[in-house]
Amino acid sequence: MRSGRVVAPVVTLLLAACAPFPIGGGGASSDLPIGVLLPLSGPQASLAQEELNGIQAAVDDVNAHGGVHGRRVTLVTRDVTTREAAAGAVVGLKDAGARVLMGTYSTALSIPAAHATAAAGLVYWETGAVADQVTGDALPRVFRVGAAGANLGRGSATFAAEQVAPRLGKAPPDLRVSVVQEHDAYGDSVAGAAIAEARARGIQLAPTIDYDARSPDWDRVLGAVRTQAPDVLVLASYIPDGVAFRRAMLAADLKVGALIGSTMAECGPEFGQSLGADAKTPIASDRPTRGFNPAVLSPDAAAAYSVLLRHYHEQLHREPGEEAISGFSSAWALLVHTLPAARDLEPDGIAAAAQAQDLPEGSLPNGGGLRFSDSSSDRGQNLRAASVIWQWQGVEKSVTVWPRVFATGDVQMVPLPR
């Protein structure tokens, strides 16, 4: 299961004895510093910490097997909570010797971090945020392993057409869909892709309803939804506003055939923890979380996933969630597949190795593959990123239901009973 991981460090150590491998400026010669930018304080801290836990699990395993080119990986972490702080942190991490930076979980931070990293001449490796703009600005040396908002929005509309419509006794052209979104780069990415895919499938689309997560007017939003009378409601929200939306929807006794949350609120454990029985039935378009079908993984990816499970079981005494799986898979793609293939560990060498990656689906621990786009519209986006649909089917119980290769259960409670 781990044969590929065992041989590589031995080979690189022998090569290093003949010709030392450059690692860039800063740090001890035996260390390879990698920067991490995450909001480790404030309202996003708990989920950002989960992403860091996943990254750390990958680093620990790589170091236990000889490091990268015989050098021990060290994380240089910065707690970043504002756009302004992101740029300053990038400069500090460059001075600390980092040539590649990981982060940032948050869309609001990822876009300025990607721009600052590109301006500093470093590699930016997004481990969590999904806004299309991260890889949509054609920045040099910017990469994202996980799904973009476009993946998740398209998944929502595709699932509505292929799975929800038949359960409502309708063909896709007879299906009426309303889209409610938080109006920012993240919400625009997800909602825009859902709308485009719905149009391509001939689905009837009501006018988009947007709101500001900082001061949502649920009476206005829900009144508009009631007037539109959709069969399916697609929601692109953050966590607190997504939970508040579901509560307001239930309080208003507003019923639809299906509620599909495109990432964030419906996808996080806080949704189930906050709402309890009221969380049942909503559907989430998301990155893979715990409980997806392990048969989707190649033997090497399954062995890698077991590393994350062991880390969580032994050190944290619980199961990893989607943020941990995303952080771990992104770090694994960098540390195990990309850096060992680089001609050197300077930014251009790392970026060239990333662009040359060509791994089939199922090769990464989250079920994805690895091939980065070189198109100006989404440069650095992983074209084989994994995304799934899952459903809340009990109190704090979620089940992956689509695509079938990832699924561990079937869709239930469509139409939505309440």
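Author: Helices (H or I, at least four residues) and strands (E, at least two) are DSSP runs, numbered from the N terminus. This is a predicted model, in which local features need pLDDT of at least 70, side-chain atom pairs count only at pLDDT 80 or more, and totals for chains, interfaces and linings use all residues. Residues are numbered from 1 along each chain as its sequence is written, and side-chain values use heavy atoms, with hydrogens and water left out.

Reader: What is the mean pLDDT of the protein?

Author: pLDDT is the predictor's confidence in each residue, from 0 to 100. Over residues 1-28 it stays under 50. In the protein, 88% of the residues reach 70 or more, and the mean pLDDT is 89.

Reader: Which helix gives the most to the lining of the largest pocket?

Author: On a 1 Å grid over the protein atoms alone, a pocket is an open set of points where a 1.4 Å probe fits, with protein on both sides within 12 Å along at least five of seven lines; lining residues have an atom within 4 Å of a point. At least two lining residues come from each of H2 (45-64), H4 (107-119), H7 (185-200) and H9 (239-251). The greatest share, four residues, is from H4.

Reader: Which residues lining the largest pocket are the closest to its centre?

Author: The lining has 13 nonpolar, seven polar and three charged residues. Here Ala, Val, Leu, Ile, Met, Phe, Trp, Tyr, Cys and Pro count as nonpolar, Asp, Glu, Lys and Arg as charged, and the others, Gly among them, as polar. Of the 23 lining residues, the closest to the centre are Pro43, Gln44, Ser106, Ala108 and Tyr238.

Reader: What is phi of Ala138 near?

Author: Ala138 sits in the loop between helix H5 (133-136) and strand S5 (142-144). Its phi is positive in a residue other than glycine, near 55°.

Key: Contact means heavy atoms within 4.5 Å. Axes are lines fitted to C-alpha atoms, for helices over the stretch in contact, and angles run from 0 to 180 degrees between N-to-C directions.
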